[in-house]
Amino acid sequence: SASAPSSKNLELAIWHARKSLEFVPSFADIRIILAKALVETGDLLEAQEHLRVATEIDPRNAEGHQLLAENLYRQGMGAEAVLEFRRALELRPDWSEVLNNLAWVLATDPKREPVAGGEAVRLATRAVSLTGGTNFWYLDTLSAAHAAAGEFGTALKVMGQAGMIAEQTG
């Protein structure tokens with residue numbers, strides 16, 4: 001299992017990324033690296049700013065949109081996160097992690113539109129399909145999506161499948 005980066009390594013990565021940006025402020029990938037390190041330190045606001053700039057510099061950077069969406073969601077900005085998840089999926093339509101995460105936000109956001117449950121089911125079903133139905137978390141999202149769509153029997157069935165996988169994998 002991978003361990004979290006040490007604070008010394010994070011400080012060093014942040015320092016190097018900031019130095020690089022002094023010379024090439026329009027380098028989107030460095031901004032993304034810096035944002036990842038800042039998120040690890042808990043500085044979501046500065047990370048968000050670098051991700052916004054990175055996606056403006058390189059609007060076709062799917063990872064930048066995905067990371068910005070995650071950052072926005074962590075800060076309680078579900079509607080804005082949905083927009084960024086959608087942008088990431090426009091660029092990489094079969095990205096199972098983003099399909100799953102967008103489905104989760106649509107299914108669980110208390111401010112969601114009533115029609116979001118159906119879209120959440122479609123997105124989560126695709127994520128589960130892409131992973132061969134073996135990802136517990138994606139099945140959990142699919143269950144939540146079915147519940148959001150009012151399909152409680154199906155939600156319970158899918159949760160049972162997730163439970164079996166959890167038991168099998170420990």
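Helices, as named in these legends, are DSSP runs of H or I with at least four residues, numbered from the N terminus. The views below are all drawn from a predicted model.

**View 1. A nonpolar patch on the surface, formed by Phe23, Val24 and Phe27**. Together, these three residues have about 320 Å² of accessible area. Phe23 belongs to helix H1, which covers residues 7-23, and because its relative accessibility is 68%, where exposed means over 50%, Phe23 counts as exposed.

**View 2. A salt bridge between Lys36 and Glu63**. In this pair, one of the seven salt bridges that the structure holds, the closest N and O atoms are 2.6 Å apart. Lys36 lies in helix H2 (residues 28-41) and Glu63 in helix H4 (residues 62-74), so the pair ties together parts of the chain that are 27 residues apart in sequence. Both partners count as partly exposed, Lys36 at 38% relative accessibility and Glu63 at 32%. When its neighbours within four places in sequence are left aside, Lys36 is in contact with Glu63 and also with Leu67; the C-alpha atoms of Lys36 and Leu67, which are 31 residues apart along the chain, are separated by 8.1 Å.

View 3. Arg87 is partly exposed, with a relative accessible area of 36%, whereas Glu84 is buried, with a relative accessible area of 6%.

**View 4. A salt bridge between Arg86 and Glu119, and the network around this pair**. Here the closest N and O atoms are 2.4 Å apart, and the pair links distant parts of the chain, with Arg86 in helix H5 and Glu119 in helix H7 (residues 116-130), 33 residues apart. Arg86 is partly exposed at a relative accessible area of 29%, and Glu119 is likewise partly exposed, at 21%. Through salt bridges that share partners, Arg86, Glu119 and Arg122 are joined into one network.

**View 5. The aromatic pair of Phe136 and Trp137**. The count for the structure comes to one aromatic pair, and in this pair the rings are edge-to-face, with 4.9 Å from centre to centre and 80° between the planes. Phe136 is partly exposed, with a relative accessible area of 24%, while Trp137, at 57% relative accessibility, counts as exposed.

**View 6. Arg92 over the face of Trp95**. Arg92 is placed at 3.9 Å from the ring centre of Trp95.

Key: Residues numbered from 1 in each chain as written. Predicted model: local features only at pLDDT ≥ 70, side-chain atom pairs only at ≥ 80, totals over all residues. Heavy atoms only, no water. Patch = residues over 30% accessible without salt bridge, like charges linked within 9 Å, V, L, I, M, F, W, Y side chains within 5 Å. Areas by Shrake-Rupley, 256 points an atom, 1.4 Å probe, with all protein chains shown as cover. Salt bridge = Lys/Arg side-chain N within 4 Å of Asp/Glu carboxyl O. Helix = DSSP H or I, 4+ residues; strand = E, 2+ residues; numbered from the N terminus. Buried < 20%, exposed > 50% of the residue type's maximum accessible area, 1.4 Å probe, protein only. Phe/Tyr/Trp six-rings, centres within 6.5 Å; stacked < 30°, edge-to-face > 60°. Lys NZ or Arg CZ within 6 Å of the ring centre and 35° of its normal. Contact = heavy atoms within 4.5 Å.
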